[in-house]
Amino acid sequence: MAVDTFGIEKEFLRGLLEEVRVGKARLPEFQRGWVWPDRNISSLLASISMGYPVGTVMMLRTGGDVRFKQRSVEGVEEVPAKPAERLILDGQQRLTSLFQALLLGQPVRTVDVRKKPVAGWFFIEVGPALDPHVDREEAIRFIPEDLVVRNFRGEVIADYSSSEKQYEHGVFPLMHVFDPDEWSMGYQEYWDYDKDKIKTWHSFHREVIKRFDQYQVPVIELGADTPKQAVCQVFEKVNTGGVTLTVFELLTATFAADEFDLRKDWEQRRASWAGPEYRVLRDFSNTDFLQAVTLLSTQARRQEFLKVSGDEERAPRVGCKRADMLVLSLDEYQRYAPKIVEGLKASARFLHQQFLFETKFLPYGTQLIPLSAILAVAGHDAEGATAQERLAQWFWCGVFGELYGGTTETRFSRDLPEVLSWICGGGPEPRTVTEAQFNPGRLFTLRTRGSAAYKGVYALLMREGAVDWRTGSPSSVQNYFDEAVDIHHIFPRAWAEKQGIDPKVYNSVINKTPLSARTNRVIGGYAPSEYTQRLQNATPIQAGMLNQHLATHLVDSECLRSDDFDGFFDLRRRALLSKVSLAMGKPIEMDVVEGWDDGDVGDDTDD
């Protein structure tokens with residue numbers, strides 16, 4: 001979005017700092033705190049004392065549609081009754097440092113290079129400041145709060161605690177730089193109007209103090225009619241050294257102008273899914289939440305427009321991109337946030353049915369955004385058998401089609417209306433279902449839980465009835481956590497290495513399955529022909545019963561008991577592809593095996 005209403009002018013530093021002092025120039029709430037250490041401030045003061053440029057300042061003229069909660073620059077104690085005339089978008093650290101050092105009239109509370117809190121005053125040494133062979137920054141002194149310098153043993157090195165002692169040592173307090181007359185008169189009187197001292201003072205006034213008084217700062221001012229999206233984008237472009245400003249922080253500042261604490265509201269809502277039954281939601285972020293809310297609000301806007309005009313071409317689109325979220329109103333947030341909370345809880349129940357119980361094995365955290373919105377709107381209509389079957393097909397198509405990595409906002413905006421129409425109204429298949437494809441060779445390359453499809457295979461095995469090899473206990477949320485279920489090798493890694501099997505092969509998900517920690521300890525690094533006997537003895541369990549348990553993991557017991565890795569591997573590959581095909585509702589060519597050697601031998605199982 002173009003920003004046409006801006007200008008750049010040079011403004012006197014003294015005037016800018018005075019605006020800060022009286023509250024005419026303030027900070028938007030989303031600006032982060034002042035963090036400059038004393039050395040940075042000294043360098044800044046040295047540059048200004050020599051008339052060197054220190055960069056531009058960017059301001060936003062207030063009074064337009066963009067309303068941010070405001071706060072004073074750190075150190076300004078009294079908050080003005082009326083809002084600021086301008087907000088500081090860029091230059092906060094410099095203006096705050098200069099205000100505190102030059103106008104605050106109190107010790108500057110900052111940190112040293114070791115980030116240890118310190119408090120003190122900034123002085124400049126008169127003699128060294130006039131010496132062309134001395135680095136100006138070395139002439140800037142940060143004197144402790146009590147104006148006494150001590151060594152590490154606490155012994156006094158220098159005392160500047162009175163004006164007379166400052167005159168004696170020739171150190172000028174920079175807090176008087178804009179009003180030096182009284183200090184100047186005292187200095188001259190102290191030295192009994194010595195001609196050399198007066199000459200030195202005049203040189204110091206001309207070469208140093210006057211530069212502060214005459215210093216001008218380039219100020220870019222954005223007009224009051226600058227749109228919020230442009231303000232936010234400009235802010236981030238000029239603050240490239242900082243952490244990216246999130247939409248949540250921007251809306252927090254916007255809603256705060258209406259006395260609404262978005263952060264507190266989010267914390268309260270998140271607490272409603274803090275219980276152990278909602279572990280799968282624990283990484284759902286505040287920005288994810290806003291995206292889901294925005295999906296509902298934009299869909300409502302579109303539906304209201306269509307009711308009136310019926311013109312689909314001109315109707316507002318459904319979306320949750322950054323620009324969409326930034327125009328979310330407080331009224332819309334309060335209307336749809338409770339619905340997304342219920343949608344998230346319903347999402348957790350749905351994911352449990354898919355045997356996904358924690359974020360570690362959730363294929364795509366981002367898929368929760370459209371899922372929560374879909375369930376928030378569908379409500380009880382999503383509880384029927386057909387609706388649940390179709391919702392699961394959409395979910396697994398997204399997982400095995402690996403469609404929710406990278407930039408996904410466009411897919412989210414399609415999913416909400418398309419999946420709703422499909423599961424509730426008998427509409428056509430959503431594009432996520434029709435576009436999803438699974439290359440059978442992909443199974444070979446799934447070796448770590450960094451892949452969504454890897455996590456999907458793991459959950460699918462439990463959903464399809466994989467039981468514990470020793471006890472025959474079915475998979476459930478209770479057993480999952482009580483038995484510390486995780487993914488482990490079927491043909492153990494130690495055994496496979498001794499046989500010379502390629503790590504790219506034995507680390508494939510084809511050779512992995514969900515097992516309890518205790519069962520995995522019994523397996524150890526033994527050959528399958530040996531550990532199957534150990535499993536039978538440990539429980540004890542009959543060979544036939546163990547074979548049935550193995551079959552629920554799509555493991556051929558004859559191949560396992562005879563240590564036939566190749567036979568096992570081919571049979572399980574086909575069985576897994578069949579399960580993936582059923583979950584996606586799409587045929588997969590079983591005999592395609594190309595494309596498995598991708599060079600990645602990684603493995604994250606804990607055997």
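Mentor: Start with Gln 291, which counts as buried because its relative accessibility is 8%. Buried means under 20% relative accessible area, exposed over 50% and partly exposed in between, with a 1.4 Å probe and protein chains only.

Trainee: What should I know about the source and the numbering?

Mentor: This is a predicted model, where local features need pLDDT of at least 70 and side-chain atom pairs count only at pLDDT 80 or more, while totals for chains, interfaces and linings use all residues. Residues are numbered from 1 along each chain as its sequence is written, and side-chain values use heavy atoms, with hydrogens and water left out.

Trainee: Which helix does Gln 291 lie in?

Mentor: Helix H12, residues 286-308. Helices (H or I, at least four residues) and strands (E, at least two) are DSSP runs, numbered from the N terminus.

Trainee: And what is Gln 291 in contact with, leaving aside neighbours within four places in sequence?

Mentor: Cys 320, Met 325, Ile 369, Glu 409 and Phe 412. Contact means heavy atoms within 4.5 Å.

Trainee: On to the rings. How many aromatic pairs are there in the whole structure?

Mentor: The search finds 37. Rings of Phe, Tyr and Trp (its six-membered ring) pair if their centres lie within 6.5 Å; planes under 30 degrees apart count as stacked, over 60 as edge-to-face and the rest as tilted.

Trainee: Why is the pair of Trp 183 and Trp 201 tilted?

Mentor: Their planes are at 35°, so the pair is tilted, with the ring centres 5.6 Å apart. Trp 183 is in helix H7 (residues 181-190) and Trp 201 in helix H8 (residues 195-214), so the pair ties together parts 18 residues apart in sequence.

Trainee: Are those two buried or exposed?

Mentor: Both Trp 183 and Trp 201 are buried. They also belong to one aromatic cluster, together with Tyr 167, Phe 172, Tyr 187, Tyr 190, Trp 191 and Phe 204.

Trainee: What lies over the face of Trp 191?

Mentor: Lys 197, at 4.1 Å from the ring centre. A charge sits over a ring if NZ of Lys or CZ of Arg is within 6 Å of the ring centre and within 35 degrees of the ring normal.
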